[in-house]
Amino acid sequence: MIILGLDPSLSCTGWGIIRVEGSRISHIANGQIKTDARAPLPDRLAHLDTVLAAVIADHGPTGAAVEEVFVNDNPQSSLKLAHARGVALLGCARAGLVVGEYAPRLVKKAIVGTGGAAKEQVQAMLRVLLPGAKVAGPDAADALAVAICHANHRPRD
């Protein structure tokens with residue numbers, strides 16, 4: 001199984017792809033989709049959709065996982081995040097992928113063992129779980145963590 005993990009954001013959406021064979025996971029690819037903060041919202045969403053479609057076409061995932069929205073103090077930020085998440089969900093659905101959705105605390109618990117883990121702890125565990133993987137940045141690291149969380153929570157064959 002090849003799993004695409006997504007950490008949606010309007011400014012920088014992280015993506016990560018892993019291969020799962022039984023209980024073994026391995027890194028395939030990861031990256032970040034950045035949008036121009038000065039561009040109109042529709043253009044930013046279109047760019048996110050175009051690049052995500054290319055990632056899916058290039059790597060042929062068989063499943064996907066997306067981090068759920070966390071509500072923060074700024075309603076505008078939450079709405080922008082929701083727009084980006086909608087594009088991510090649509091892109092996966094368009095490709096025929098079944099999508100798992102995971103809360104940030106569950107992702108951290110799946111990787112580190114505690115839902116209150118710091119980003120640095122998640123990144124340190126990723127180095128252990130995916131040795132040799134060069135991670136494009138913190139958003140890509142979060143996306144790889146989402147993919148691993150999905151691998152741990154998916155139904156077994």
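Predicted model: local features only at pLDDT ≥ 70, side-chain atom pairs only at ≥ 80, totals over all residues.

Q: Is V112 buried, exposed or partly exposed, and why?
A: V112 counts as partly exposed, because its relative accessibility is 26%.

Q: How far apart are V112 and L79 in space?
A: Their C-alpha atoms are 29 Å apart, and 33 residues separate V112 and L79 in sequence.

Q: Let me step back. How many helices and strands does the chain have?
A: The chain has five helices and five strands. In sequence order, these follow the pattern β-β-β-α-β-α-β-α-α-α.

Q: Why is the chain said to be as compact as a globular protein of that length?
A: The radius of gyration is 15 Å, close to the 15 Å that the globule rule gives for 157 residues, so the chain is as compact as a globular protein of that length.

Q: What does the C-alpha trace span along its principal axes?
A: The span is about 45 × 35 × 25 Å.

Q: What share of the residues is buried?
A: Buried residues account for 42% of the 157 in the chain. As for the accessible surface, it comes to about 8,000 Å², and carbon and sulfur atoms hold 55% of that area.

Q: What about charges: how many positive and negative side chains are there?
A: There are 16 positive and 14 negative side chains, and the centres of the two sets lie 4 Å apart.

Q: Now the strands. Which way do β1 and β2 run?
A: Strand β1, residues 2-7, runs antiparallel to β2, and six bridges join the two. They form a hairpin, with four residues between them. Within this pair, I3 stands opposite I18 of β2.

Q: And how is β2 joined to β3?
A: Ten bridges join β2 to β3, which covers residues 24-34, and these two strands also run antiparallel. One of the paired positions is R19, whose bridge partner in β3 is S26.

Q: Which residue takes a positive phi in the hairpin of β2 and β3?
A: That residue is G22, with a phi near 65°; this hairpin has two residues between its strands.

Q: Why is β2 described as largely enclosed?
A: Eight of the ten residues of β2, which spans residues 12-21, are buried, so the strand is largely enclosed by the rest of the structure.

Q: Turning to β4, how many of its residues are buried?
A: Five of the five residues of β4, residues 63-67, are buried. Both faces are covered, with G63, A65 and E67 on one side and A64 and V66 on the other.

Q: Which strands pair with β4, then?
A: One is β1, which pairs with β4 in the parallel sense over four bridges. There, I3 stands opposite G63 of β4. Strand β5, residues 99-102, also pairs with β4 in the parallel sense over four bridges. In that pairing, the bridge partner of A64 is V99 of β5.

Q: One more residue: where is L89 found?
A: L89 is found in helix α2, residues 75-94. It touches V66, V99 and E101, not counting residues up to four places away in sequence. The relative accessibility of L89 is 23%, so it counts as partly exposed. The C-alpha atoms of L89 and A65 are separated by 9.1 Å, although the two residues are 24 apart along the chain.

Q: Finally, what share of contacts joins residues at least 24 apart?
A: Of the contacts between residues at least 6 apart in sequence, 62% join residues at least 24 apart.

Conventions:
Residues numbered from 1 in each chain as written. Heavy atoms only, no water. Rg over C-alpha atoms; globule rule 2.2 N^0.38 Å. Buried < 20%, exposed > 50% of the residue type's maximum accessible area, 1.4 Å probe, protein only. Contact = heavy atoms within 4.5 Å. Areas by Shrake-Rupley, 256 points an atom, 1.4 Å probe, with all protein chains shown as cover. Lys, Arg positive; Asp, Glu negative; His and termini not counted. Charge placed at Lys NZ, Arg CZ, Asp CG, Glu CD. Pairing = 2+ DSSP bridges.
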